[in-house]
Structures are given as structure tokens and as C-alpha cells.
Amino acid sequence: MYLEIADLFWLTLIVLLLLHWWQSLKVKEIALKAASNHCKELDLQLLDQSVYLRGLWLKRDDNGKLKIWRSYLFEFTATGEDRARGRVILLGLRVTGITLDAHRI
């Protein structure tokens, strides 16, 4: 049985999508750990123990290599009564920033 070009194209596309999905899970885990550690350092409570993808883009790192830029949002509380939002920014597998919205102390 021979593979035609169209079959090879679809097979390659499926493999690339699976690799992207697997890498995305790894990056999301890094973002969650960064958000959790940041909240602990500031004596805040990370709510729902989750982060969710808000933005995805291609950007170059400091060395000029093209990498995937991702923005993850999470919610936290300082008082236990109200919610505030935070953001974790990653470029590739590296956390480049964490910001928090204004919140009550």
C-alpha cells in the first residue's frame, strides 16, 4: 500500500497538531506553577487552581529566535471575599512577566 501526497500531508498535519497540543499542556503547567508561586510569595490565594489562555502570538526572543508568546490569566484573592485577576506572560517555555490587577489588602 502506497501513501499518496494528500495522505502524507494529513498525517503530518495531525502529528504537528498533537505535538503543539502536548507542548501547550507543558507551557500551561509552567504558567500555573508561576502563578501559584507568585501568589504564595505575596500571601495571596490562587483561586480555582487554574490558568486559562488569553492570548497567543509569535514573537522573537532576545536572541532573535521566533517563539510562541502566550498570555495566561488567573484569579486570586487577598481577603477571601473578592476576586482579582492576574496575568502570566511566557515566551516559549520562559516566564517573562507576572502582573496583578489592583486588589484589596
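Modeller: Phe-76 sits opposite Ala-84 of β4. This is a predicted model. The strands β3 and β4 run antiparallel, joined by eight bridges. Together β3 and β4 make a hairpin, with six residues between the two strands. Gly-80 lies in that turn and has a positive phi of about 90°.

Now the other partner. β4 also pairs with β5, again in the antiparallel sense, over six bridges. Val-88 has Ile-98 in β5 as its bridge partner. β4 and β5 form a hairpin too, with two residues between them. In this turn Gly-92 has a positive phi, about 70°.

Is β4 enclosed or open? Six of its eight residues are buried, so β4 is largely enclosed by the rest of the structure. In a regular strand, side chains alternate between the two faces of the sheet.

The helix α1 contributes to the surroundings. The buried residues of α1 pack against β4 (84-91), and also against β1 (45-46), β3 (66-77) and β5 (94-100). Among those buried residues are Val-27, Ala-31, Ala-34, Ala-35 and His-38. An α-helix has 3.6 residues a turn, so residues three or four places apart point the same way. α1 has 37 residues and spans 54 Å from its first C-alpha to its last, close to the 54 Å expected. After α1 comes Asp-43, with a positive phi near 60°.

Leu-25 is partly exposed, because its relative accessible area is 42%.

Note on methods. Residues numbered from 1 in each chain as written. Predicted model: local features only at pLDDT ≥ 70, side-chain atom pairs only at ≥ 80, totals over all residues. Heavy atoms only, no water. Buried < 20%, exposed > 50% of the residue type's maximum accessible area, 1.4 Å probe, protein only. Helix = DSSP H or I, 4+ residues; strand = E, 2+ residues; numbered from the N terminus. Expected span 1.5 Å × (residues − 1). Contact = heavy atoms within 4.5 Å. Pairing = 2+ DSSP bridges.
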